[in-house]
Every structure is written in C-alpha cells, then in structure tokens.
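Subject: Handing over the structure

Hi,

Here is the structure I promised to pass on to you. Please open it alongside this email, and my notes on it follow below.

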Amino acid sequence: MTRYAHITGWGTHVPEKVLSNDDLSQIVDTNDEWIQSRTGIRQRHIASDGESTASMGALAALRALDVAGIPPSEVELIIVATSSPEHIFPSTASLIQDHIGATKAGAFDLSAACSGFIFAVNMAAQAIRTGSINTAIVIGSETLSRLVNWQDRGTCILFGDGAGAFVLQASDQPGGVLSAVMRSDGSGGELLTIPAGGSKLPASEETIAQGLHYIQMNGREVFRFATRVMAQATEEVLEQAGLSLAETQWVIPHQANQRIIETAARRLKYPLEQVVINLDRYGNTSTASIPLATVEAVEDGRLKPGDQVVFVGFGAGLTWGAMAVEWTGPLPKAEKPSLWPYRFRNLYLLYTRLRSGALRILRFLEGIIWGRQR
Ligand code: UT7
C-alpha cells in the first residue's frame, strides 16, 4: 500500500502585543513610510515576558491537534523548526512535548532558519511515508524580538514573534505532500547570522559589548539571493510533482518582504492575487511565517481541500526550499468531536503541568532510592 502524508490539522498563536511602525520610529531613526515602501510591513506582534518559543508553539500545536481531531497521546513525532530556540539544549520540541502531554512522541528541533518549516514538514512527511510513524506535528515558532538589536534599524523593523503548526497524518488516499526541494549554500552563512552564543564564540563580556548575540544581516545580498531562489525552487518543486504553475491555486511564500514576493511572482509570471501575503500584520516571523499565512488562507476560505499549493521559502544558512502540496483538511475519522477541545486548553495545560511536576518528583525520589542502593 502506498502511504501518503496529509496535512490534517493547523493552528497558530501570536502574542497580543502589537508594535506598529510608528511605535518603532520612537525607538530607532525610521518611519512608517520607509518601512512600508521598502518591506510592506505595517506592524508586528511581540511576545510578552511570560511568552516564549515553547509556550507559543505549544498553543499552536494544541489548536492544530484540535482541528485534526486527535489527542496529543497519538502524536509520534514533534519537529520544531526555529531560529530562536529556548536553549541550545534541551530542544524546544522536547519542552513542547512535555507542555502538550504528547507522551508517545520523539521530539527534536530543526535549524534551517526561515526555510525550516518546509524542511521540517518534509522530514515528517518522509517519516510517515516510510511507515515509521503515522502522526506528526510540525511547529514553526519564533521569539525573534529577543534576538534583534533594537538599535539596528536595518533589522529590528523586519522581525516579529508568533507560532504556527501543522498536524501530518498517514493515509492511503493520494494527496498531501507531493514533492519537496531543500537546498543550502553555507558560503553565504555570514550574510545573515547571530555570530556569538554558540561553540565558536561563547558568551563573554566582549561578545556582549560588541552586540554579537544579535541578528546581523547584509540585507541587500539576502534580498538578491531571495529573489533568485524563490522562483527557481518553485519551478523545481512543481516539476518534481508533475504539476504546472497554472494547475496551482495558491503560492504561499515565506513572508520576509513584499518586494521579494512581488519580484518572485513577476519572474514566475504568477498572478499576485494567488499569492498569500500577510506580512503587513506580522512582519517576518521566520519559521512561523508560512503556517501563519496558510492558516489565515484556510480560515478565510481561500485555501480549500483539493487545492494545489506551493510553499516556498529562504533564509539564513543560506537555505531555501519549496514544497508542493495537495491540501487535504481533517481526515474523515476526525469528524467525531475531539476528546479535549481546544477551548479547555488552560485546564488541559494545568493538567500537563501537574503531570510534568509529578514526573519530576518521581525522578527525584528514584534518585534518592538509587543513591541508597549504590
Ligand atoms: O528571512 C530572511 C530575512 N531577511 C530578509 O528577507 C532581508 C532581505 N532584505 C531586505 O528586505 C531589504 O534589504 C531591507 C528591507 C532590509 C533593506 O531595504 P533596502 O532597500 O535594501 O535598503 P538598503 O539597505 O539598501 O538601505 C537604503 C537606505 C540606506 O541609506 P543610504 O545609505 O542610502 O543613505 C539605509 O541606511 O535606507 C536606510 N535605511 C533606513 N532608513 C529608514 C535602512 N534601514 C532603514 C530604516 N528606516 N529602517
């Protein structure tokens, strides 16, 4: 039996706090006119003190599971694509596994910057197709506001916080993820980077004084690279899927810059009305941008089951990629009401926190007993 990987659930979470271009002009030497005309961005959402990459990702994942109509205990794999993980380790995916009570899931982070969501969906789809697992959650979640230099007007105007998630499930019905392209070119690594905080340049007074823990970018070079690869990757992924551009209903690009998206659409001779764009309200949310745009298109009725859609993105690394998908919607069995509706999420999250606390106490007690037996 041929196995297919379908996207059967989707969800997002964005922080309430909004930072407008006018707000930004109080922080750095910029203005609304410049930002809108050069990027298309009007505002972005910024995480509050209590919010983080894991907490937003967990809420997006719960919402996606609710749409798919499956409980967290059925999830076998969690991949979090992120450029702003909670820690170097443990992975943000492991923390989300605990937050949502996905007791059967293996979890890991995937680092491919803004292309990460496409790469992660492809990895989950491959695991499903081979029969290794039946159900996965892929999350793109970012708290980039904590990594930008709020004195650098070249970068701080671009980025925003938020999270999006897809549930992928196995089915013998054709459709779902049709093809994917993943590419990297590390020779452009320095064009978009956070130089310090890893093993090459560990945190020191000097690295902090030099601002090396913030995002640094050569905007013009990234722009040039992006406009080239977006069209290329789209054509390549469609060829792999045996589809023409005319057969697609939607292209959903990484939301970095309106001008990059328009240039790519022009190169492809693709109507801009069929390109999903919402960066005006969210800015560049890196790995969260494609799911945020996708979920918006599903919820407002543009993206429908049976539609052929291309996701395409690029980012630090350099990385870029595309994916052709036949949009599915929840599998038929999910029409049963879910056991733990998303509307009870606060209660549910309290339960998972208690469960996690109980596991910690148990580990502590086991440690004492083990210590005595040694
Ligand atoms: O997920 C991938 C993430 N990265 C990207 O997608 C970034 C891709 N690059 C871009 O989006 C654009 O390069 C930017 C929006 C970052 C910059 O736009 P640009 O049209 O390439 O501007 P520029 O860097 O060439 O700068 C033009 C001028 C400069 O002034 P001078 O030297 O011409 O006098 C900048 O100093 O605009 C100035 N400038 C600003 N002015 C007002 C740069 N940032 C700002 C600002 N407000 N925020």
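How many bridges join strand 6 to strand 7, and in which sense do the two strands run? Strand 6 (residues 135-143) and strand 7 (residues 161-171) are joined by 9 bridges, and they run antiparallel. One example to look up is Ser 141, whose bridge partner in strand 7 is Ala 163. Please keep in mind as you read that this is a predicted model.

Is it buried or exposed? Of its 8 residues, 8 are buried, so strand 13 is largely enclosed by the rest of the structure. That holds for both faces: Thr 319, Gly 321, Met 323 and Val 325 point one way, Trp 320, Ala 322, Ala 324 and Glu 326 point the other way, and all are buried.

Strand 13 pairs with strand 8 (residues 176-184) through 8 bridges, and these two run antiparallel. In that pairing, Val 181 has Ala 322 of strand 13 as its bridge partner. Strand 12 (residues 308-315) also pairs with strand 13 over 8 bridges, in the antiparallel sense. There you will find Phe 311 opposite Met 323 of strand 13.

Strand 12 and strand 13 form a hairpin with 3 residues between the strands, and in this hairpin Gly 317 takes a positive phi near 145 degrees. Leu 318 itself lies in the loop between strand 12 and strand 13.

**Some backbone details**

As background, most residues other than glycine have a negative phi, and most peptide bonds are trans. Here are some places to check with that in mind.

- Phe 89 and Pro 90 are joined by a cis peptide bond, with omega about 5 degrees. Pro 90 sits in the loop between strand 4 (77-81) and helix 4.
- Lys 269, a residue other than glycine, has a positive phi near 55 degrees. Lys 269 is in the loop between helix 8 (258-268) and helix 9 (279-282). With 9 other C-beta atoms within 10 Å, Lys 269 is exposed.
- Ser 286 is not a glycine either, yet its phi is positive, at about 50 degrees. You will find Ser 286 in the loop between helix 9 and helix 10 (289-299). Ser 286 counts as buried, with 33 C-beta neighbours inside 10 Å.

One more loop residue to look at is Gln 210, between helix 6 (205-209) and strand 10 (216-217).

**Around the ligand**

Which residues come nearest to the ligand? Of the 19 residues around the ligand, these are Thr 30, Arg 153, Gly 219, Phe 223 and Ala 256. Helix 2 (32-39) and helix 7 (219-241) are the elements that give two or more residues to this shell. Helix 7 gives the most, with 5 residues. Sorted by class, the shell has 9 nonpolar, 7 polar and 3 charged residues.

**Two domains**

The domain assignment gives domain 1 (4-335) and domain 2 (342-373). Their C-alpha centres lie 32 Å apart. Where the domains meet, 8 residues of domain 1 are in contact with 6 residues of domain 2. On the domain 1 side, helix 3 (53-68) and helix 4 (92-100) are the elements that give two or more residues, and helix 3 gives the most, with 4 residues. By class, that side has 3 nonpolar, 2 polar and 3 charged residues.

Enjoy looking around!

Best wishes

How values were computed:
Residues numbered from 1 in each chain as written. Predicted model: local features only at pLDDT ≥ 70, side-chain atom pairs only at ≥ 80, totals over all residues. Near = placed C-beta within 6 Å. Nonpolar A, V, L, I, M, F, W, Y, C, P; charged D, E, K, R; others polar. Pairing = 2+ DSSP bridges. Domains from an automatic or database assignment. Contact = placed C-beta atoms within 7 Å. Buried ≥ 20, exposed ≤ 12 C-beta atoms within 10 Å, placed from the backbone.
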